[in-house]
Amino acid sequence: MFRTTDILKTSLYLRPCIHPSSRSFVHSLPRNFPRIGRFASEKSFQSVLPTFRDQVARSIEVESFSSRFPRPTIRNQVLFFVGGSLLAYSIAASQTKIDTEYWSKQLVSVSHRWTLRPPTTEEMRKAQYLELGKYLQTQVNQLKDTLIEWPLALRNLILSVYVQAAQSYLDAPEGRRLCWLICGINTAIYLVWKIPRLAPFMTRSFTHHPLSGRSYTLLTSTFSHKSFIHLLANSMALASFGSAATHYFTLEQLKHGEHQQEATAKWHFLAFFISAGLFSGLVSHVAACKVLFPRLVNQYTASAVIKNSPAAAAISSTAVKTATAAPREILPSLGASGAIYAAVTVSALAFPDAQVSLIFPPFVSIPIQAGVGGLVVLDVIGIARGWRMFDHYAHFGGAAFGALYYMYGPQWWAFMRGEYQQLHSPTS
């Protein structure tokens with residue numbers, strides 16, 4: 001995931017901004033960024049509040065620093081993840097049932113052969129493919145009529161481009177078409193980031209900062225990208241591995257035979273993507289609140305003790321500077337990388353013989369499980385060494401979600417489908 005900020009100047013004040021990199025950290029933020037809970041300018045805060053370091057130094061002799069600045073909580077974020085995931089899967093089960101019933105009725109109206117038995121999943125999906133092909137052909141005919149008075153060369157060029165695009169869209173798997181839609185949403189949010197006047201709003205509402213107390217940003221930050229390279233890389237990965245994960249969900253559903261026919265797997269993948277994004281953000285949030293924040297407090301406290309100690313004069317200046325150096329701040333984050341990691345992990349476990357190609361030299365193909373294993377090891381090293389370019393906690397959380405979903409996800413989806421059908425089936 002891609003997350004970024006400047007510096008934690010006080011315990012209540014942040015200056016956010018974004019660094020081009022993945023889910024990733026945010027580094028340069030607008031000058032008039034809200035303190036946690038309210039809005040205020042940097043100048044007014046500095047005139048009223050002492051710096052975070054000064055507060056630490058003053059509190060050492062007066063009272064416990066940790067009692068004045070308690071650890072941020074994780075309860076609301078955990079509840080948001082649980083509630084948001086349940087809601088996403090409930091809606092997905094509902095929409096899947098609606099689509100399945102619609103296409104089942106459509107096929108029955110076409111031929112009486114389906115009055116003897118319900119249409120299968122594959123038959124309903126073939127019907128959707130044919131229907132989409134008819135719709136795209138209608139669009140081509142309408143475009144021809146619209147361009148009838150245009151110059152012949154230009155008309156043929158536009159029609160040729162449109163036909164090729166329409167054919168590619170028609171031939172693309174259902175999961176890939178859904179991933180293209182998600183990429184379109186991500187691109188729209190990326191373009192909003194480019195409006196300078198909206199930068200404070202975007203920073204507040206589309207990045208997740210563990211110290212802000214907000215929960216809804218676990219969701220909004222999943223669709224948010226500020227760097228074009230970050231957006232492009234995530235879009236390419238999502239289109240490939242999101243499609244593979246959706247295909248795996250389809251194959252798993254086919255094992256249920258006639259018990260749970262599905263006209264589409266797109267709602268299942270969408271619920272999976274949202275839940276994976278929430279979970280990976282939650283892992284990053286818990287790590288920041290329970291690991292990084294206490295470490296930050298201890299570093300500031302130790303730094304202030306050494307700096308204000310009478311013995312500091314007897315210590316070498318280099319040692320004092322090293323001991324009193326500003327600790328690394330807790331940064332907000334954004335990006336779909338955590339959710340994509342979940343899709344990548346599911347794909348690697350479901351199709352272990354698949355090969356993936358590196359997007360950088362030497363551009364060789366490697367087994368997908370070796371590639372995913374290498375990424376996980378890289379994130380573990382990043383967590384251990386405190387690397388800051390990427391949100392390694394979120395990446396690791398996404399990979400863990402994908403592994404768990406591979407083991408238990410199909411059963412969970414079957415349970416949600418069955419529960420929804422029982423709740424909405426007519427009573428005798």
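**Entry 1: Arg417 and Glu262.** I looked up this pair in the predicted model. The side chains of Arg417 and Glu262 form a salt bridge, 3.0 Å from N to O. Arg417 sits in helix 15 (residues 392-424), while Glu262 belongs to the loop between helix 10 and helix 11 (266-308), so the bridge ties together parts 155 residues apart in sequence. I checked burial next: Arg417 is buried, and so is Glu262.

**Entry 2: the other bridges.** I found 4 salt bridges in the structure. One of them joins Glu252 and Lys255, at 2.9 Å from N to O. Glu252 has 19% relative accessibility, so I logged Glu252 as buried, the limit being under 20%. Lys255, at 63%, counts as exposed.

I then turned to Lys97 and Glu101, whose closest N and O atoms are 2.5 Å apart in a salt bridge. Both residues lie in helix 4 (residues 75-110), 4 residues apart, or about one turn of the helix. Lys97 is buried at 17% relative accessibility. Glu101 is partly exposed at 38%.

**Entry 3: helix 10 against helix 13.** I looked up how helix 10 (residues 228-254) meets helix 13 (residues 337-350). Their axes come within 8 Å and cross at roughly 40°. That makes helix 10 oblique to helix 13. I noted the crossing as left-handed. On helix 10, the contact residues include His230, Leu238, Phe241, Tyr248 and Phe249. On helix 13, I listed Ile340, Val344, Val346 and Ser347 among them.

Note on methods: Residues are numbered from 1 along each chain as its sequence is written. This is a predicted model: local features need pLDDT of at least 70, side-chain atom pairs count only at pLDDT 80 or more; totals for chains, interfaces and linings use all residues. Side-chain values use heavy atoms; hydrogens and water are left out. Axes are lines fitted to C-alpha atoms, for helices over the stretch in contact, and angles run from 0 to 180 degrees between N-to-C directions. Helices (H or I, at least four residues) and strands (E, at least two) are DSSP runs, numbered from the N terminus. Angles under 35 degrees count as roughly parallel, over 145 as roughly antiparallel, 65 to 115 as roughly perpendicular and the rest as oblique. A crossing is left-handed if the near helix is turned anticlockwise from the far one by less than a right angle, and right-handed if clockwise. Contact means heavy atoms within 4.5 Å. Buried means under 20% relative accessible area, exposed over 50%, partly exposed in between (1.4 Å probe, protein chains only).
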